[in-house]
Amino acid sequence: MTISKSYRPFLVAAPVHLMAWGALWDLSGRWGLPTVSWDAFLWLFVIGFVGCTILGFLLHLFPALARRPMVPPHDRGVLFVLTEAAVVLGTVGLDGAPWVWIAGSALWMGTVLLFGNHLRLLLRTPAKLSAATTYPTDTRVLPLVLASVAFAALAAGFWLVAAIVPALDAEPGVGLWVAGLHLYLLGQVVLLILGVSLFLVPRALSAPVPLRIFRPVPPLAIAGAILVPLGMLWLPNSAFYLLALLALPEALAATLYAIGLGVLLARARTPKPQATLFLVAALFLLLGGGIGLAMSLTGDFTWIGAHALVNLFGFVGIMVMGMAFSMIAPFQFITHAWTIRAMRLELGVLAAIAGLATVVPLASAGLGGMASELIGALVVLAGGIFWAGSVPVLYYSGTRGAVSPKNH
């Protein structure tokens, strides 16, 4: 089934937000312009890029995973407007406008609740799709998808409370905003990535699932998604080293996940470049998570920027774009050669961003500034490649099942 016109705006907006991120990064604090806060950058990436991509694909995939008919929500236009308003107001508000931040977080909460209600109504409709038209792994994927939506709602609640009652976003711990950010990334994003890659990648590779390796990964990831934010809320700065203990389930899940992907690649009967993308992303997750563990153990947060950018671009970015490039053309029933080339180019760009983010804290002031500016330019390039590789496919008007000569 092709991607509905109702859901395409989310997938078009995602790379636009990413390009805006890169442009703001390079303009921030330069040529007399005001400096944009880290929180605003995080919101623009997490909600503007990742959130829009998740909404677009989940709206399309959920009926198949739940074995329900594809029925576009009647409030799809409202959902998109709410999302875009939340992205803009949240970014502006986190840059130092408290009342705007309240509006942005409230709109995002409304978006998540409206989306959750759509999934609830969809689950209440009679199942009409036969087993032959659905994925054979639905029973394992669907619980992870539903759990991820619950985590997204809880994270949105954290942010709304932090916006309305700033006093609660303080000691002990790092506060509701940062804890909610980790709750969203470890809960919603990681669980969705696991749901797709652990059970759908083996099918694409025609390789047997290494269940002994993969079976413990989802429960460990869920435990980590709960324990890490709780530790961030309750542990005082003097005992923040204990966060490393609470992060052990997540670290073990990431390690098993990387090992499992390596086993899948070794067993693959139909090797595909997407699987290599996922393995590279998993290695970046281990690197970014390792930086986070080191910071919590030493109390030295010099590397916090590297921790954020390596995880966001090296893991989340590569995973999200890899899955997007893997799914859009097949969903549209066309063979799109440029999409494959764009995906490979995208891997190099995102890996370069994550690599630069790792070395920036080690560089001198001059070299660090040059590397930082290069990160912004590369993010704009990454967003442009994503847009050019996906939007023409989403709105392709040629013959389905054929290769467009324009794309060779």
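W25 sits buried in this predicted model, at a relative accessible area of 12% (buried is under 20%, exposed over 50%, partly exposed in between, with a 1.4 Å probe and protein chains only). Local features here need pLDDT of at least 70 and side-chain atom pairs pLDDT 80 or more, while totals for chains, interfaces and linings take in all residues. Side-chain values rest on heavy atoms, without hydrogens or water, and numbering runs from 1 along each chain as its sequence is written.

On the aromatic side, the structure has 16 pairs (Phe, Tyr and Trp rings, the six-membered one for Trp, with centres within 6.5 Å; planes under 30 degrees apart are stacked, over 60 edge-to-face, the rest tilted). W25 and F41 are edge-to-face, because their ring centres are 5.2 Å apart and their planes stand at 65°. W25 belongs to helix α1 (residues 8–27) and F41 to helix α2, so the pair links parts 16 residues apart in sequence (helices are DSSP runs of H or I, at least four residues, numbered from the N terminus). F41 is buried too, at 4%. Both W25 and F41 also turn up in one aromatic cluster with W21, W38, F45, F49, F313 and F386.

Then there's helix packing: α2 (residues 38–66) meets α4 (residues 98–124) at about 10°, axes 11 Å apart. Axes are lines fitted to C-alpha atoms over the stretch in contact, with angles from 0 to 180 degrees between N-to-C directions. That makes the two helices α2 and α4 roughly parallel (under 35 degrees; over 145 is roughly antiparallel, 65 to 115 roughly perpendicular, the rest oblique).
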